[in-house]
Amino acid sequence: MAENGKSCDQRRVAMNKEHHNGNFTDPSSVNEKKRREREERQNIVLWRQPLITLQYFSLEILVILKEWTSKLWHRQSIVVSFLLLLAVLIATYYVEGVHQQYVQRIEKQFLLYAYWIGLGILSSVGLGTGLHTFLLYLGPHIASVTLAAYECNSVNFPEPPYPDQIICPDEEGTEGTISLWSIISKVRIEACMWGIGTAIGELPPYFMARAARLSGAEPDDEEYQEFEEMLEHAESAQDFASRAKLAVQKLVQKVGFFGILACASIPNPLFDLAGITCGHFLVPFWTFFGATLIGKAIIKMHIQKIFVIITFSKHIVEQMVAFIGAVPGIGPSLQKPFQEYLEAQRQKLHHKSEMGTPQGENWLSWMFEKLVVVMVCYFILSIINSMAQSYAKRIQQRLNSEEKTK
């Protein structure tokens, strides 16, 4: 790995100057031009340039569709095989027979796994938004199961995927029968599938950096360019963010499997850098993905589960509500909506929602619903902005290539 790093340094030194019409361009002017182009792209957002953003977004979709159509056309055998397999699966799904009970069971499990794996991939990839689906979906799901388990004194709910709401079983357990381990076991499938999805979502930076290193070409990725700049200015890094990135890069590079495992096992916003580092220094795929999978789907996932379960356990929730009520002056008024919300949830678990507080009147649940809507809308807007900026980058690259050929 040290030899790879040395050859990488030599390559970067060789590429520090760009040949243009027989002359060498000053690297500082090239970096300045890249910085200006990056700033121009960042200004292409809906709230600043709505018409241009929507236009570029539409054109980027057309470009992507064209690229995928071309790729599929050149892989006709794979497409035909996939369509034949799809036809067999559809026939198996709709034709009546004794196999239907197995088909339904497989369908149920497949949809459950695909849902949580998809949310995990979305949380890691984020499409340039950094959307963390743990806060929106998995965390609230674990919290609701925890509250229901302590209220019902049982975890014998219907097997996931649950119906619209969790209902206590007719035969409830005795007080004190619920343990931390029983709740962990109840949400293990969803949590592990989400963790597997986050590990899969870390693969694009790894493959991008690995392909760039093997080909010797400079990749079209801003994160990788920042990584190269960080390596060039490693000795002069002063700010905390740069030192943190360097620490992650050195840990992964020097320790290898266990360094990747350590970075993946804790909530780490800089883990994308670990993927780029592993790809850049040609770390074997299974070393990177194996450590990432174990760290995210097993170790970190259990840490997060235990934290949420403890936080929303019955006695902790009661203590938090009591603490809110003890706030001088505004405490009782703040405490009331929390009490009403918890009481409404208890009644729903016991089939008594129609006898309790009418749905929609609690401002706490209303605020949470609106918060989720706002975050999803922001996610959609971020996708539009990201794709519009991607098309703007295509335009800049085309103009730069035209300038070089003149």
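Why does Tyr93 count as partly exposed? Tyr93 has 33% relative accessibility, so it falls into the partly exposed class, which lies between buried (under 20% relative accessible area) and exposed (over 50%), with a 1.4 Å probe and protein chains only.

The model is predicted: local features need pLDDT of at least 70, side-chain atom pairs count only at pLDDT 80 or more, and totals for chains, interfaces and linings use all residues. Residues are numbered from 1 along each chain as its sequence is written, and side-chain values use heavy atoms, with hydrogens and water left out.

**Overall composition**

The protein chain has 17 helices and two strands; these are DSSP runs, helices being H or I of at least four residues and strands E of at least two, numbered from the N terminus. Of its 406 residues, 36% are buried. The accessible surface is about 24500 Å², and carbon and sulfur atoms hold 64% of this. Such areas come from the Shrake-Rupley method with a 1.4 Å probe, and for residues only the protein chains shown count as cover.

Tyr93 is part of helix α4, residues 76-94. Together with Phe82, Leu83, Leu86, Ile90 and Tyr94, Tyr93 makes a nonpolar surface patch of about 620 Å². Patch residues have over 30% relative accessible area and no salt bridge, and nonpolar side chains (Val, Leu, Ile, Met, Phe, Trp, Tyr) are joined within 5 Å, like charges within 9 Å. A salt bridge here is a side-chain nitrogen of Lys or Arg within 4 Å of a carboxyl oxygen of Asp or Glu.

**Annotated segments**

An unreviewed UniProt entry annotates "transmembrane region" at residues 46-65, 77-95, 115-138, 273-294, 306-327 and 363-384. UniProt positions are in the numbering used here, feature names are shortened, and annotations may be inferred rather than shown by experiment. Two of the segments are described below.

**Cysteines and Asn153**

The structure holds zero disulfides, a disulfide being a pair of cysteine sulfur atoms within 2.5 Å. For Cys263, the closest cysteine sulfur is that of Cys278, 8.6 Å away and therefore too far for a bond. Cys263 is buried at 5% relative accessible area, whereas Cys377 is partly exposed at 40% relative accessibility.

Asn153 is not a glycine, yet its phi is positive at about 55°. Asn153 sits in the loop between α6 (133-152) and α7 (180-186), and is buried with a relative accessible area of 11%.
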